[in-house]
Amino acid sequence: MPYPKNLENKLEFDQVKELVSTRCLSVMGQQYVSKIRFVNRIDLLAKMLEQTKEFKTILSEDNTFPSENYYDISIALAKARIEGIWLLEEELHQMKLVLMSFLQITKFLRERGGKYPQLESLLEGLIYNDILIRRIERVLDNEGVMRPNASPELSKISSKINEKETEIRKRINRLFEKNTTLGYLTDNIGITIRDGRLVLPVLAEHKRHVPGFVHDESQTGQTVYIEPTDCFEFNNILRELQIAYRREREKILLDLTDQIRPHLQEIEQNLNRMGLYDFIRAKALLALEMKADMPILSKHPGLEMYQAYHPLLKMSHDKQKVETVPLSIKLNSEKHIVVISGPNAGGKSVCLKTVGLLQYMLQCGFLIPCQSHSVMGVYKEMMVDIGDEQSIENDLSTYSSHLLHMKSFCDFADGKTLFLIDEFGTGTDPQFGGPLAEAILHHLTQKRAHGVVTTHFSNLKHFAANTNGLENASMLFDHERMQPLYRLEVGKPGSSYAFELATKSGLPEHIINYAKNKVGGKQRRVDDLLLDLEKEQKQVHDLKDKLREKEAKAEKLVQQYDQLKSGIEANKRELIKKAKQEALSVISEANSRVESVIRELKEKQADIESQRKARTEIKEQLVELKSFVEEEEKVEREEKATQTKIVDGEIKVGSSVKIQDQENIGEVLELNKNKAVIALGGLRTTVDLKKLQLVATPASQKPRINEAAKGIDMNEKMKYFQPELNLIAKRGEEAVKELRNYLDDAYLLGIKEVRIVHGKGYGILRKLVREHLQSNRLVASVKDEHIDFGGDGVSLVTLNH
């Protein structure tokens, strides 16, 4: 059992429960909130967490879960158990709606084919009988009103009532018109009803002129409400029919209640299960708002929280648009107690409460706001000492109440206990409180209990630094601006910044100097060392932030490069496709031209030598075009054959890998836990292992790390660079590739203008070259060479510089 009894209030878990309760649709769901208990069975806890995780998936990714008509019909069910009692129409209607909602929930889960196994398992052992819905629907309409034909007898009575009401209405309308003409009735008052009967509003002075039964009179006594004698007998008959209708209605309701009674237990079980679904739904809604996730569960005590938040603080900060600093902390068999020190208002207590609240939430079946790869163990007990519990009634001071808690900790804590102590040792003379706190901490260390402690006492910092199983931690502080950073740094103790904060608060310097002299030189040196250490920690932390920022930029650059490469590849394929289509079109045109030339030669009766020469020329052009198309198809087949293959296996140093959804292939240089350092060409970047895919690539595609590291010899390039590139007789893909590399070199060497020789021919190569030049961002302009130096068979290219 968690200690003390008001632990939930101390950890603010009662506020979390209130948030869940307000998100419940029904009283049944809210009843489950009141039943929340601390669970230390990992099998049950895993099931509860999986249920909430599945419901979170439904809310964020699936269609709308049935969430209407969650009526609390428990009172009606209790009433129906009594023989001779019948349920009213409204109670039966709500029961029907509840049964229909449960049917919709059942269909929703079973239609998904086991997608939500833990939620679907809650339906096991439940009996669903839709016959009850049909029986209720035969009696009640969609609005919950009894149907006139609910039984043959009721149908007859209803028909007779309608007939009598129509006949009475006709009679009284005639009498109303007659007496209105005679001036016996009150103006502006029509036919009305008294005691369930239709009556006339007669002026008091004329009541003797209208024979009938007086039912009522107005407050002033000027109007008398009379039931005419002519309608009296018909009204009596109508009253008898209405009594008969009421008896038949009660008989029908009693009969329907008797039919429902054998199934009350099934209905109650379904109602309770609806309440459970409502409760889980509310937890999932809260998890979405808190950005909570399910960590990895461990059956062993301990915890590894990464990027964790105090949920209530995070929600409050989000509303105010204020950043919340996340927390990462570990407790395991080697380091099972963390001693946190640092300045006041630096976040020590928030850190302590975050650990306690998240662990307690988890063991109550809640998802928690931390990264999903966090590992959370299951503790048998939780014990906390937070806040002031002095009691005048029980004659307890603040320190006495702390000592009572410490006695319980020492008696009952063990290796399966998580304890939390805030401001350990305070409340009494530090000269005695410090050593006593150290003795208690030593005892808890020997019992292998897990815990988090906050303190300002130097002796506890020294004890943690020199004792196996304990670890110091500090809340970082910006010593330049004298402001807390609310970041937990594990491994070193922190300074309380007492004198620095006193100076900032405006205390006179002579008072602060007097206090420093009282402290003693040794203690001041220790505190100065802590201050210097914290400054170094902050610098290291800032460097880590910059490194992470650079890694993120590097990864973004890799993605941009891959996107650009994909775009270029797609553009290249499109160009080749167009070129092939144009080539085939030219072939077709050439065939037509052959026939045309032959006809022309025949018509002109050209000599045999001229015909032979023309045929040879055309044949050579056709062979050239066909060769171009065949070469391009061969290149395309080779590209398909060398595509990257993703394979299964373990990623090791030296493995060829690619980042998910990217094409660039890199080589693994280092492995560090769940991260890998990979080289992509000349670029090194750190990537999460989960994002990498092991690939089997041909030798031609393997990354050449060493080559990339050699750099570029600019003198060598300049020595052999030519201001003219001749692409004549090159096939399309080869020409474009050579052109791209040539332009890169020219730009790198600072060349302003180059000549690209591609020839005229049928214009296929010229078209490919011109399209690439127009799409290349290094090119400023392109124009034809002078007619005397090649004309449109040569392109003059001006580069951007």
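Predicted model: local features only at pLDDT ≥ 70, side-chain atom pairs only at ≥ 80, totals over all residues.
**Exercise 1: the whole chain**

Find out how many helices and strands the chain has, and what share of its residues is buried.

*Solution.* Start with the secondary structure: there are 24 helices and 24 strands. Next, turn to burial: of the 801 residues in the chain, 42% are buried. Finally, look at the contacts: among those with a separation of 6 or more, 70% join residues 24 or more positions apart.

**Exercise 2: one face of a helix**

Take helix α15, residues 430–446, and work out where its buried residues lie around the axis.

*Solution.* Begin with the span. The helix has 17 residues and runs 24 Å from its first C-alpha to its last, close to the 24 Å expected at 1.5 Å a residue. Now list the buried residues of α15: G433, G434, A437, I440, L441, L444 and T445. Looking down the axis of α15, you find these buried residues within an arc of 140°, so they line one face of the helix. Just after the helix comes R448, with a positive phi of about 65°.

**Exercise 3: two aromatic pairs**

Classify the ring pair F13 and F366, then the pair F409 and F419.

*Solution.* The structure holds 10 aromatic pairs. For F13 and F366, the ring centres are 5.6 Å apart and the planes stand at 85°; angles over 60 degrees count as edge-to-face, so this pair is edge-to-face. Now place the partners: F13 is in helix α2, F366 is in the loop between α13 and β9, and 353 residues separate them. Both are buried, F13 at 0% relative accessibility and F366 at 2%.

For F409 and F419, the centres are 6.3 Å apart with 55° between the planes, and the pair is tilted. F409 belongs to helix α14 and F419 to strand β11, 10 residues apart. F409 has a relative accessible area of 0%, and F419 also has 0%.

Technical notes
Residues numbered from 1 in each chain as written. Heavy atoms only, no water. Helix = DSSP H or I, 4+ residues; strand = E, 2+ residues; numbered from the N terminus. Buried < 20%, exposed > 50% of the residue type's maximum accessible area, 1.4 Å probe, protein only. Contact = heavy atoms within 4.5 Å. Expected span 1.5 Å × (residues − 1). Arc of directions from axis to C-beta. Phe/Tyr/Trp six-rings, centres within 6.5 Å; stacked < 30°, edge-to-face > 60°.
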